[in-house]
Amino acid sequence: MSTYSDASGAIMPLPKIRRATGFGGVVPALAFVGIFFVAPVAILLLRSVLEPVPGLGNYAQLIGSATYLKIFANTFIVSGFVTAISLAIGFPVAWALAIMPGRLSSVIFAILLLSMWTNLLARTYAWMVLLQRTGLINKMLMGMGLIDQPLALVNNLTGVTIGMTYIMLPFIILPLYGVIKKIDPSTLQAAALCGANRWQCLTRVLLPLAMPGMAAGALMVFVMSLGYFVTPSLLGGTANMMLAELIAQFVQSLVNWGMGGAAALVLLVVTLSLYAVQLRFFGNQNPGRR
Amino acid sequence: MKTTFAFAAVAAFMAVSAPAHADSMVFSSWGGTTQDAQKAAWASPFTEKTGITVVQDGPTDYGKLKAMVEAGEVNWDVVDVEGDYAAQAGKNGQLEKLDFSVIDKSKLDPRFVTDYSVGSFYYSFVIGCNADAVKACPKTWADLFDTAKFPGKRTFYKWSAPGVIEAALLADGVPADKLYPLDLDRAFKKLDTIKSDIIWWSGGAQSQQLLASAEAPFGSVWNGRMTALAATGIKVETSWEQNITAADALVVPKGAPNAEAAMKFIALATSAEPQAALAKATGYAPINIDSAKLMDPETAKTLPDQQTASQVNADMNYWAENRDAIGEKWYAWQAK
């Protein structure tokens with residue numbers, strides 16, 4: 001029997017917690033999911049097929065218009081870019097954090113978290129000021145004589161990618177760190193002893209072991225990017241408008257909830273499918289437990 | 001102990017979320033310096049006079065407004081909206097009719113009065129320019145579309161709203177009294193000629209930032225933003241040539257819990273003195289025709305209502321009717 005000692009040091013039996021069994025036990029959880037998740041989505045679905053006229057007109061319009069298809073394409077291209085670059089930058093950072101002495105890594109974590117908690121709008125405006133043609137980066141490069149014409153770093157895909165990657169980095173570093181930290185360093189030693197060179201250690205041992213963390217982080221960044229609003233709106237041009245901005249236009253400005261609902265539902269379906277794929281391939285791979 | 005705390009929390013929550021009583025009402029606007037000015041010029045004297053507290057909320061969001069009215073759970077009493085939206089929402093039955101036995105409309109600029117709305121303040125799209133950053137400032141819409149004479153980036157309002165399409169047509173030589181119905185194809189063709197030189201602004205602060213940093217040294221901006229920019233010491237030039245006016249409007253959502261207080265609030269907000277005070281603070285023009293007399297001539301000179309000689313009125317009713325169609329074409333063109 002499990003026990004614990006109370007304040008006076010006496011050994012007490014642990015109070016028994018009765019596990020809720022049967023249907024009755026899951027009712028509160030089901031109600032919660034129903035009210036906060038299923039109902040809003042159902043309303044969204046209903047709106048998208050009932051407004052402004054009943055039928056699948058909104059979906060036909062979404063799929064039939066070159067503009068909306070381009071916005072879908074933009075959304076996936078930008079999210080893909082951001083995810084790939086975040087992974088490429090985030091992996092070495094997570095690795096360095098995992099093998100660093102504890103004190104130093106906690107300082108770097110603090111910096112990471114602080115940047116995450118700083119107001120998003122302020123950070124986006126800061127990038128705007130840095131990246132614009134008359135901004136710090138262009139002025140510096142021109143002052144050093146590296147370029148004679150300012151680079152177009154903002155109001156285009158470059159600006160969106162830089163701004164969003166910066167904001168997404170913590171979301172990939174944190175899960176990756178968790179996974180890499182759990183990898184036993186002796187597996188790498190063992191690989192080296194068996195004759196693996198550095199490259200083989202990385203590609204055949206470290207990367208496969210870190211794969212679940214990479215998949216989880218990449219999925220999180222990709223899905224968050226799909227629905228991102230503020231940064232693309234401020235750092236992007238109009239030629240690479242993303243889906244979230246279109247939805248905001250439908251809902252807030254044009255007050256066309258049918259189209260907004262249809263677009264939001266497409267986004268939701270894509271997101272859930274991606275999640276299903278991730279579960280299918282990485283869902284039960286957990287380095288600690290097999 | 002825990003139970004007591006929970007009860008207290010629930011009670012507190014209910015007190016906060018209970019519908020406002022007649023001794024308080026909710027005003028929603030767009031935030032920022034404009035709402036600060038509305039609070040000082042309208043809400044404070046209103047509370048002083050009537051004892052009714054005005055709770056500030058915002059930013060105004062048409063989706064939210066529609067949701068409130070549909071759900072019958074309205075918690076805004078007076079809302080500051082754009083003129084074309086007011087015309088549309090009034091027609092769609094989402095607004096209360098205004099009580100003109102409480103609101104005196106005889107002194108209000110009739111351009112901005114409908115059954116469901118009265119003007120809040122009125123603004124102009126003007127040609128703003130950072131004079132320190134360029135050799136010469138564009139004076140007309142044609143200048144602003146002339147990249148040979150005025151090379152460099154120019155900034156325009158990003159959203160589908162009165163302003164940019166009108167400017168393009170005026171630049172292309174359409175006479176001001178022949179603007180409506182808008183020839184969208186012609187406007188987009190004209191806009192195509194400068195598309196790669198446009199940096200879009202999506203909010204007033206961004207337009208100021210673009211002008212001040214000379215990222216886009218000139219463009220079409222709200223006149224009040226130029227007043228604010230000049231106050232920071234930047235050498236700006238504003239051209240009022242064919243300035244395009246539109247107005248914000250004050251409306252009462254259908255089913256507003258304190259409609260009676262709302263009418264009184266609107267009556268005060270649109271009266272001469274508070275309108276003058278708001279104009280002084282924001283650089284936007286009063287919609288009460290008696291307000292100009294209450295301001296010093298120097299301030300009055302800088303407001304859109306003194307620029308009527310070369311003024312072009314955006315047709316809010318036309319926009320209200322064609323909002324969706326224009327919006328669709330607008331975003332399709334932008335995304336190309």
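This is a predicted model: local features need pLDDT of at least 70, side-chain atom pairs count only at pLDDT 80 or more; totals for chains, interfaces and linings use all residues.
Where chain B meets chain A, the contact draws on 28 residues from chain B and 27 residues from chain A.

**The interface**

- Putting chain B and chain A together buries an area of about 2500 Å², and carbon and sulfur atoms give 48% of that area.
- On the side of chain B, the residues that lose the most area to chain A are B:E215, B:Y331 and B:A335, which together account for 22% of what that side buries.
- The rule for salt bridges finds 3 of them across the interface of chain B and chain A.
- A salt bridge joins B:E70 to A:R47, and the closest N and O atoms of this pair are 2.7 Å apart.

**The largest pocket**

- The largest pocket holds about 1400 Å³ of space, and among the 39 residues that line it, B:W30, B:Y157, B:W159, B:S202 and B:G203 are the closest to its centre.
- Two or more lining residues come from each of several elements, namely α5 (120-131), α10 (230-235) and α11 (243-253) in chain A, together with α2 (32-50), β4 (118-130), α8 (204-212) and α13 (316-335) in chain B.
- The element that gives the most to this lining is α11(A), with 4 residues.
- By residue type, the lining of the largest pocket divides into 19 nonpolar, 14 polar and 6 charged residues.
- The largest pocket lies between domain 1 (22-120 + 246-304) and domain 2 (123-244) of chain B, because both domains give residues to its lining.

How values were computed
Residues are numbered from 1 along each chain as its sequence is written. Chains are lettered from A and ligands numbered from 1 in the order in which they are written. Side-chain values use heavy atoms; hydrogens and water are left out. On a 1 Å grid over the protein atoms alone, a cavity is a set of points where a 1.4 Å probe fits but cannot get out, and a pocket is an open set with protein on both sides within 12 Å along at least five of seven lines; lining residues have an atom within 4 Å of a point. Grid points are joined across faces, edges and corners, and a volume is the space filled by probe spheres set on the points. Ala, Val, Leu, Ile, Met, Phe, Trp, Tyr, Cys and Pro count as nonpolar, Asp, Glu, Lys and Arg as charged, and the others, Gly among them, as polar. Domain bounds come from an automatic or database domain assignment. Contact means heavy atoms within 4.5 Å. Buried area is the accessible area (1.4 Å probe) that two parts lose on being put together, summed over both. A salt bridge is a side-chain nitrogen of Lys or Arg within 4 Å of a carboxyl oxygen of Asp or Glu.
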